[in-house]
Amino acid sequence: SADLGTLKAKSIQADLALGSLYADELQTGQLDATLALGSAELGTVQAERVTIENAQGDVTISRLVGASQVQVTDQLGNIALTLEKADGYSVQAACGLGSITVSGAKQASPYSANSKAANAVILDAALGDITLNFEE
């Protein structure tokens with residue numbers, strides 16, 4: 001496991017074969033994380049680009065700000081993400097076996113919204129739920 005605590009860096013790359021990734025606060029231009037068996041539990045993430053791939057385990061970002069491109073893929077686990085505002089992001093979400101909930105409302109898979117927005121969020125869970133919330 002890796003606990004990054006509070007970290008500020010130009011870019012962050014984490015590759016974990018076994019174990020989880022934890023952070024209270026990350027400030028970076030680019031966050032790339034690949035996990036094979038473990039979860040990613042991140043508090044506040046301020047990043048231009050975020051890419052997280054997880055084979056088995058949950059991915060949670062409690063608060064994501066300033067992102068222009070976000071891609072989270074989870075083969076076996078849940079994805080939970082809170083973004084700063086709804087209208088600033090185009091969202092594409094899909095899950096094989098699981099449910100998609102956006103701002104408390106269940107949605108059909110695949111889900112798509114705000115296709116013309118400048119910032120993009122792509123969430124894909126093969127076997128797991130996707131929960132997407134927006135700050136008020």
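Biologist: Where is the place of Ala117 in this model?

Modeller: The model is a predicted one. In it, Ala117 sits in the loop between strand E11 (111-113) and strand E12 (119-127).

Biologist: What makes Asp87 a contact of Ala117?

Modeller: Contact requires heavy atoms within 4.5 Å. Ala117 touches Asp87, along with Gly88, Tyr89 and Ser90, when residues up to four places away in sequence are not counted. As for separation, the C-alpha atoms of Ala117 and Leu16 are 33 Å apart, and the two residues are 101 residues apart along the chain.

Biologist: Why is Ser39 called buried?

Modeller: Its relative accessible area is 12%. Buried means under 20%, so Ser39 falls in that class.

Biologist: Where does Ser39 lie, and which residues does Ser39 touch?

Modeller: Ser39 is in the loop between strand E3 (21-35) and strand E4 (40-56). Not counting residues up to four places away in sequence, Ser39 touches Gly19, Ser20, Leu21, Asn54 and Asp58.

Biologist: Why is Leu97 called exposed?

Modeller: The relative accessibility of Leu97 is 61%. The class of exposed residues begins over 50%, so Leu97 belongs to it. Leu97 lies in strand E8 (residues 89-97).

Biologist: What does Leu97 touch?

Modeller: Beyond residues up to four places away in sequence, Leu97 touches Ala126, Leu127 and Gly128. Leu97 and Asn119 are 27 Å apart, C-alpha to C-alpha, and 22 residues apart in sequence.

Biologist: Which residues form a nonpolar patch on the surface with Leu97?

Modeller: Leu76 and Leu127 form the patch with Leu97, and together the three have about 280 Å² of accessible area. A patch residue needs over 30% relative accessible area. Leu97, at 61%, therefore passes that cut-off.

Biologist: What makes the pair Glu135 and Arg63 a salt bridge?

Modeller: The N to O distance between their side chains is 2.5 Å. The limit is 4 Å between a side-chain nitrogen of Lys or Arg and a carboxyl oxygen of Asp or Glu, so the pair qualifies. Glu135 is in the segment after strand E13 (130-134) and Arg63 is in strand E5 (residues 59-65), so the bridge links distant parts of the chain, 72 residues apart. By this rule the count comes to 1 salt bridge. Side chains of opposite charge can pair when their charged atoms come close.

Biologist: Why are Glu135 and Arg63 called partly exposed?

Modeller: Glu135 has 29% relative accessibility, and Arg63 has 34%. Partly exposed covers values between the buried limit of 20% and the exposed limit of 50%, so both residues get that label.

Biologist: How do you know that E7 and E13 pair?

Modeller: Strand E7 (residues 79-83) is joined to E13 by 5 bridges, and the two run parallel. Pairing takes at least two bridges, so E7 and E13 count as paired. Ala80 has Thr131 as its bridge partner in E13. Strand E9 (residues 100-102) also pairs with E13 in the parallel sense, over 3 bridges, and there Val102 stands opposite Leu132.

Biologist: Which residues of E13 are on the covered face and which on the uncovered one?

Modeller: Ile130, Leu132 and Phe134 are on the covered face, whereas Thr131 and Asn133 are on the uncovered one.

Biologist: Which residues have the most contacts inside the largest nonpolar core?

Modeller: They are Leu42, Val45, Val50, Ile52, Leu64, Leu81 and Leu123, in a core of 38 residues. Leaving aside neighbours within four places in sequence, the contacts of Leu64 include Val45, Val50 and Leu81.

Note on methods:
Residues are numbered from 1 along each chain as its sequence is written. This is a predicted model: local features need pLDDT of at least 70, side-chain atom pairs count only at pLDDT 80 or more; totals for chains, interfaces and linings use all residues. Side-chain values use heavy atoms; hydrogens and water are left out. Helices (H or I, at least four residues) and strands (E, at least two) are DSSP runs, numbered from the N terminus. Buried means under 20% relative accessible area, exposed over 50%, partly exposed in between (1.4 Å probe, protein chains only). A nonpolar core is a set of buried Ala, Val, Leu, Ile, Met, Phe, Trp, Tyr and Cys residues joined through side-chain atoms within 4.5 Å. Patches are made of residues with over 30% relative accessible area and no salt bridge: like charges are joined within 9 Å, nonpolar side chains (Val, Leu, Ile, Met, Phe, Trp, Tyr) within 5 Å. Accessible areas come from the Shrake-Rupley method with a 1.4 Å probe; for residues, only the protein chains shown count as cover.
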